[in-house]
Amino acid sequence: IIADPEYSAYLRAYGEISRRAIFSYQDMAVYEAVRNLSIVKEDPKSSDGQIDQAQLLLDATALAVTFASEATYMARMNWWTVEYGLVGSTEDPKIYGAGLLSSLGESYSCLGPKVARENLSLECVSTAYDITKPQPQLFVARDFHHLTKVLHDFAATMAFRTGGKSAVEKAIQAKTVCTIALDSGIQFSGVVVSFREVGGALAYLKLDGPTQVAFADQELEGQGPDYHAHGFSTVIGKLKNSDRSLNFVSESELVKMSINGVLNLEFASGIRIVGKVKSQVRRNSQLVVLSLVDCTATLGNETLFKPEWGTYDLACGDKVVSVFGGAADRMAYVAKTGGFKQSPMAPKSNLTPENRRLNELYAAIRKLREAGGATAAELEKIEGELTKDYANDWLSRLEILEILPPGNPTLSAKLRTRLAEIRKLSSDRDEMIARGLALIPEA
């Protein structure tokens, strides 16, 4: 399906947009709990008690979630489109979602009357899902172009597009590493903890923990999270009695604004910065970082920065135009901080001594199918092993029936008789075997 040009365009757009989504500390806790449960369930050595304990941990972690982040909304959009999407009309849809296509039960039931079908809209991101149960409703896109439209409708509400105070508040609520971008192009990435607003405009921003300063998603030299290991703060906005912000001040103007080598800056917000210029970084003829020593920053009687704290690196700009999840230069940030630590994965194989031979029998059936010339003798040999060691394996028997050459009523009857007995073991097996037999003509 990804060969379809419009669908592949949607997947690319989704990847680009979801990369900018803000994820929360609660998202990370749920992710770790889901990952832990997956590891435990995939390990053949796990006991029922260990699986139950991992499930209880996930349940408790999920119940502790108090708000939906942008990453949660994007995950829901992915679920209701890429995984569980339908396309066409609600009356006559077609399946394209990978989760639906890979589920025998849901791919069958989703086209019937038991599953509600709704036209795809932004409402899908507000609809939660349970990965452990069949979905009670699905969303139907008119076509694949419709997917991209809904995606961009949601992207228009995200912090990386809106910027401003509301975007900063999302980052503070998330308590994870986020990037704030100013109109000058400067970016700083860390855990956003607070801001000051004066006269309806953002005037001061504070980040905690390792912080990176970057431009155009590239970390600036000497401005990595190892340097700003304990946080970062900056003043933004226009200068007092001026219609310009600091990023438009030229080098010669900075010299004129200094008295005996001391620069005295006063912002329209009332914040005052006094210090000696140590260095400056300019990009596209704009001042983006001004580094000061012997520096003091104050707002009224409150001190925002003291000289003994070291060099004050001021990110220059007027407005917050974008806030997004993660660091601006992710590779550089992870290299210096170690990034997100994960527990080791269990071995991928779920083979056990009990099922190893069954896997080999499935491989033998597949080889005969692909060869296009299975003989009754070859299939009878496999059926004999199934009877001896795997009496209740139904899918292998259906596959043998599918490729059984005509004119072998004895083996056909034997397989069908055993399948009829297996059907009695559970309603799920009964339904799946019945669907499989419906596709195979009588011998």
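Helix H15 (residues 409-423) buries Leu411, Ser412, Leu415, Arg416, Leu419 and Ile422. These residues span an arc of only 130 degrees around the axis, which places them on the same side of H15. The arc is taken from the directions that lead from the helix axis to the C-beta atoms. Buried means under 20% relative accessible area, exposed over 50%, and partly exposed in between (1.4 Å probe, protein chains only). Helices (H or I, at least four residues) and strands (E, at least two) are DSSP runs, numbered from the N terminus.

The model is predicted: local features need pLDDT of at least 70, side-chain atom pairs count only at pLDDT 80 or more, and totals for chains, interfaces and linings use all residues. Residues are numbered from 1 along each chain as its sequence is written, and side-chain values use heavy atoms, with hydrogens and water left out.

H15 has 15 residues. From first C-alpha to last, H15 reaches 21 Å, close to the 21 Å expected at 1.5 Å a residue. The expected span is 1.5 Å times one less than the number of residues. An α-helix has 3.6 residues a turn, so residues three or four places apart point the same way. The exposed residues Pro409 and Thr410 sit on the face of H15 turned away from its buried side.

The cover over the buried residues of H15 includes helix H13 (376-389), helix H14 (394-403) and helix H16 (427-438). H15 and H16 pack at an angle of about 150 degrees, and their axes are 8 Å apart. Axes are lines fitted to C-alpha atoms, for helices over the stretch in contact, and angles run from 0 to 180 degrees between N-to-C directions. H15 and H16 are therefore roughly antiparallel to each other. Angles under 35 degrees count as roughly parallel, over 145 as roughly antiparallel, 65 to 115 as roughly perpendicular and the rest as oblique. Arg416, Leu419, Ile422 and Arg423 of H15 make the contact with Arg429, Asp430, Ile433, Ala434 and Leu437 of H16. Contact means heavy atoms within 4.5 Å.

Strand S5 (residues 177-182) is mostly covered, with 5 of its 6 residues buried. S5 pairs with strand S6 (residues 186-198) in the antiparallel sense over 5 bridges. Two strands pair if DSSP finds at least two bridges between them. S5 and S6 form a hairpin with 3 residues between them. In the turn, Gly185 has a positive phi of about 100 degrees. Strand S16 (residues 320-325) also runs antiparallel to S5, joined by 5 bridges. Cys178 has a bridge partner in each strand: Gly190 in S6 and Gly325 in S16.

Gly325 is also among the contacts of Arg20. Arg20 is found in the loop between helix H1 (5-18) and helix H2 (25-42). At 17% relative accessibility, Arg20 counts as buried. Neighbours within four places in sequence aside, Arg20 also touches Glu70, Met158, Phe160, Asp217 and Phe324.

Ile95 belongs to strand S2 (residues 93-95). With a relative accessible area of 23%, Ile95 is partly exposed. Beyond neighbours within four places in sequence, Ile95 contacts Gly85, Leu86, Leu100, Leu101, Ser107, Cys110 and Leu111.

Asn241 is exposed, with a relative accessible area of 77%.
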